[in-house]
Amino acid sequence: MDWMEREKRCILQTYTRLPVVFERGDGCYVYDVNGRKYLDLVAGIAVVALGHSNKHLTDRVKEQLEKLVHISNLYYTVPQIELAEKLKEITGMDRFFFCNSGTEAVEAALKFARKATGRKKFISFTNDFHGRTMGALSVTYKERFRKPFMPLVEPVEFVEFNNADDLEKKVDENTAAVVLELVQGEAGVHPADREFIKALSELREEYGFLIVVDEVQTGFGRTGRWFARDHYALSPDIMTMAKAMGNGFPIGCCAVTDEVASKIEAGDHGSTFGGNPLSCVAALATIEYIEMERLIENSDKMGRYFADRLAESFENVRGLGLMIGFDVDDAPSFVKNCLENGVIVNNTSEKTIRLVPPLIISKEDIDAAVEVMQRIS
Ligand SMILES: *Cc1c(COP(=O)(O)O)cnc(C)c1O
C-alpha cells in the first residue's frame, strides 16, 4: 500500500491534497520520496520565507534545542524577551503576546479588543480570511467555512472590501474593532486601496473603535516591506502575525499598542506553548537572516520582476512584493500541470493562482518558473 492510500485510512479527511509525498527541501527546491526535484513557489503557504533547510536557522535552533525547549509562562525566558524587543523595532507596536498559529493570534486580538474597549461588535470584510477556530472563523467571510459551525461569535458585520461608504454605514459606537487583511491572501491576493484605508483611519477617530490588522500572511517581508501596513499610512491598534514568523516553526503573535496593553490584566489570556524558547529562537533567527541577507529588498525587487514576467502571458497579475495573484481559465488543472512539470503553485479558487515563494528566490528561478507556466498554459 502506498503513502497516499495509508493516509486515507488514518488521517481525518479535512484536506484535499495533491498527489505527491515530500521528503526534504533545500532553498527554493523540495524533493519528493522518489527523489524528484520541484521549484517551490508556495513555500508552505507563505511560511518558508528563508527557503528550506536554512543553515543559520538550523544552527540557532539546534543550539537552543540542546539547551531548553519548553518551560511555560510561569517563568521568564531570555529568547521570548529578546524576540519581543526585536519585534518592537520592526513592527512599530509596543507589546507582544505569543501563541502558536495565525488563528490563535486572531483569537487573542478579538479578546483584547473587547477587553480594551468594553464593546462587543466586530466588523470584517467580504472575502477576508482570519482562521478556522470559532472566534477567527466568526470574522472569516466564506459561507462554506462558517455555516456548519454556527452559532459563531456575535455580533459580526461584513463590509464590502474597499468600499468606504459601506464601512461608514456599518461602524458605530458599539464597534469594538474592525478586523482586516491589507492584502487579502486566501481570497486570491487583493490589496486594499489607499483611500479606503485612509477612510478607515478617519472613522476610527470618530467612533473610537480599534483597528486590527491581520498580517499573518503579509508579515515578515512578504510584500516587499517588513509588514503590509508599511505600504499604507496606517497605525493599527492590534496586529496579528504568524506564517513566516518562525520559517516553519509554529509561532504566532498578537501585538498591541501601549494604550490597548494598559487595559489587559494578568489572567485575561494565556497559552502553555506560546512563546516557548525554541520557537522564539526560530523567530529571532528568521528576522536576523531577513536583515543579514536583505530579503525585504529582494522581495520587492523580485516581486516586481516576477509580476512583469507573468504579465507577458497572464491576466490580472496583481500583488505586492512576492505575494502575487493572477487569473487562468482552469486553475486546478494549471496547478496539476505545473506540478507534473516540477513547479509548485497554489490556486485559491477555480480561476486564481497565488504565488508566495521563498523570499530568497532569484531571477534564474523566476525565469525557469515562467518558462514552465507559459509552456503548459
Ligand atoms: C493563514 C492565515 C490565518 C490563519 O493562520 P493559521 O496559522 O492557519 O491558523 C489567519 N489570517 C490570515 C490573513 C492568514 O493568511
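1. **Basis.** This is a predicted model, where local features need pLDDT of at least 70, side-chain atom pairs count only at pLDDT 80 or more, and totals for chains, interfaces and linings use all residues. Residues are numbered from 1 along each chain as its sequence is written, and side-chain values use heavy atoms, with hydrogens and water left out.

2. **Ligand shell.** The residues around the ligand are Ser101, Gly102, Thr103, Phe129, His130, Gly131, Glu181, Asp214, Val216, Gln217 and Lys243. Each has a heavy atom within 4 Å of the ligand. The shell divides into two nonpolar, six polar and three charged residues. Here Ala, Val, Leu, Ile, Met, Phe, Trp, Tyr, Cys and Pro count as nonpolar, Asp, Glu, Lys and Arg as charged, and the others, Gly among them, as polar.

3. **Ligand atoms.** A polar side-chain atom of Lys243 lies 2.7 Å from an oxygen atom of the ligand. A polar backbone atom of Thr103 is 2.8 Å from a ligand oxygen. Taken alone, the ligand exposes 380 Å², and the protein buries 81% of that. These areas come from the Shrake-Rupley method with a 1.4 Å probe.

4. **Antiparallel sheet.** Four strands form an open sheet in the order β13-β14-β17-β16, with antiparallel pairing. β13 (315–320) and β16 (346–347) each have a single partner strand, so one side of each is left without a neighbour in the sheet. Strands are DSSP runs of E, at least two residues, and helices are runs of H or I, at least four, numbered from the N terminus. Two strands pair if DSSP finds at least two bridges between them.

5. **Inside that sheet.** β14 (residues 323–327) and β17 (residues 352–355) pair over four bridges. Gly325 has Arg354 of β17 as its bridge partner. Helix α12 (residues 295–311) packs on the sheet and touches β13, β14 and β17. Contact means heavy atoms within 4.5 Å.

6. **Mixed sheet.** A second open sheet has the order β1-β2-β3-β15, and its pairing is mixed. β1 (22–26) and β15 (343–344) are the edge strands. Two bridges join β3 (residues 37–40) to β15, and these strands run parallel. Asp40 stands opposite Ile344 in β15.

7. **Backbone exceptions.** Most residues other than glycine have a negative phi, and most peptide bonds are trans. A cis bond joins Met150 and Pro151, with omega about 5 degrees. Another joins Glu154 and Pro155, with omega about -5 degrees. Pro155 lies in the loop between α7 and β6. Ser72 has a positive phi of about 85 degrees. Asn247 has a positive phi of about 55 degrees.

How values were computed:
A polar contact is a pair of N or O atoms within 3.5 Å; within protein, one must be able to donate a hydrogen and the other to accept it, and residues adjacent in sequence count only if both atoms are side-chain atoms. Axes are lines fitted to C-alpha atoms, for helices over the stretch in contact, and angles run from 0 to 180 degrees between N-to-C directions.
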